[in-house]
Amino acid sequence: MRVIETGSLTLEPQTAAHAEEMFAVLGDPAIYEYENEPPPSPDWLRARFTKLESRRSPSGREQWLNWVIRLPSSELIGYVQATVHPDGRAAIAYEMSSAYWGRGLARKAVQVIISELVGRYRVRSLPSVLKRENLRSMRLLERLGFSLASPEQHAKHRVEPGELLMLREIERA
Ligand SMILES: CC(C)(COP(=O)(O)OP(=O)(O)OC[C@H]1O[C@@H](n2cnc3c(N)ncnc32)[C@H](O)[C@@H]1OP(=O)(O)O)[C@@H](O)C(=O)NCCC(=O)NCCS
């Protein structure tokens with residue numbers, strides 16, 4: 001993994017050293033309106049980030065890639081992550097402090113990571129499952145070229161009721 005500079009954002013490979021500052025970022029209750037919950041303690045988050053530094057699933061089959069998002073002011077504001085499967089699929093996830101929503105920063109960060117996944121990790125298919133009510137996330141994905149998957153694709157991915165599958169397929173050059 002490498003550090004990615006965009007001008008307006010820096011994406012840094014996440015390490016245990018980010019845990020303390022990310023604990024404050026991820027304590028924002030607005031992030032969890034639709035799913036998940038904040039980390040219980042800085043120690044818990046440090047242990048999790050330490051484990052994720054292996055960048056691999058326990059079986060070694062999946063690459064687990066996590067980047068934290070940093071502003072030029074040096075503040076951390078969120079993360080983007082990807083689970084890359086050997087067949088060229090990658091599931092992405094992202095969370096950002098609500099103080100920075102509505103500025104196009106999440107879109108920029110996710111766009112840059114998609115380019116990285118396609119260019120350096122041979123990713124060709126990006127399935128993304130989200131809660132139906134999560135319109136912000138849906139809009140973000142639509143702007144990045146994702147579209148709603150067919151009922152057959154929903155069934156194949158075993159999408160739960162209350163969730164939606166959005167997909168972006170990358171054409172081979
Ligand atoms: C999902 C999430 C990252 C989206 O954040 P966001 O700030 O709404 O997304 P963006 O950064 O793309 O901002 C887009 C908005 O900024 C506006 N914007 C302002 N300047 C912009 C610019 N230069 N470029 C793009 N958008 C811009 C857009 O108009 C857009 O508003 P709209 O959607 O109301 O039209 C955020 O809501 C979040 O962290 N949610 C909690 C975690 C979560 O749900 N994760 C996803 C689970 S599937």
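A residue is called buried here if 20 or more other C-beta atoms lie within 10 Å of its own, exposed if 12 or fewer do, and partly exposed in between, with C-beta atoms placed from the backbone. The structure is a predicted model, so local features need pLDDT of at least 70 and side-chain atom pairs count only at pLDDT 80 or more, while totals for chains, interfaces and linings use all residues. Residues are numbered from 1 along each chain as its sequence is written.

Helices (H or I, at least four residues) and strands (E, at least two) are DSSP runs, numbered from the N terminus. Helix 3 spans residues 105-120, 16 residues in total, and reaches 22 Å from its first C-alpha to its last, close to the expected 22 Å (1.5 Å times one less than the number of residues). Its buried residues are A106, A109, V110, I113, I114 and L117. They sit on the same side of helix 3 because they cover an arc of only 135° around the axis, the arc being that of the directions from the helix axis to the C-beta atoms. Over on the other side, S115, G119 and R120 are exposed. Just past the end of helix 3, R122 takes a positive phi of about 55°.

What do the buried residues of helix 3 pack against? Their partners are strands 2 (10-13), 3 (63-70), 4 (76-84), 5 (90-96) and 6 (125-131), along with helix 4 (135-143). Contact here means C-beta atoms, placed from the backbone, within 7 Å. A109, V110 and I113 also turn up in the largest nonpolar core, where they join I69, V80, I92 and Y94 as the ones touching the most other members out of 36 residues. Such a core is a set of buried Ala, Val, Leu, Ile, Met, Phe, Trp, Tyr and Cys residues joined through C-beta atoms within 7 Å. Leaving aside neighbours within four places in sequence, I92 is in contact with V80, Q81, A82, V110, I113, L126 and S128.

Then there is the ligand. Of the 18 residues around it, W101, G104, A106, R107 and L130 come nearest (near means a C-beta atom, placed from the backbone, within 6 Å). Strand 5, helix 3 and helix 4 each give two or more residues to this shell, and helix 4 provides the largest share, four residues.

Elsewhere, Y34 lies in the loop between helix 1 (19-25) and helix 2 (42-52). Not counting residues up to four places away in sequence, Y34 touches K131, E133 and N134.

Methods
Contact = placed C-beta atoms within 7 Å.
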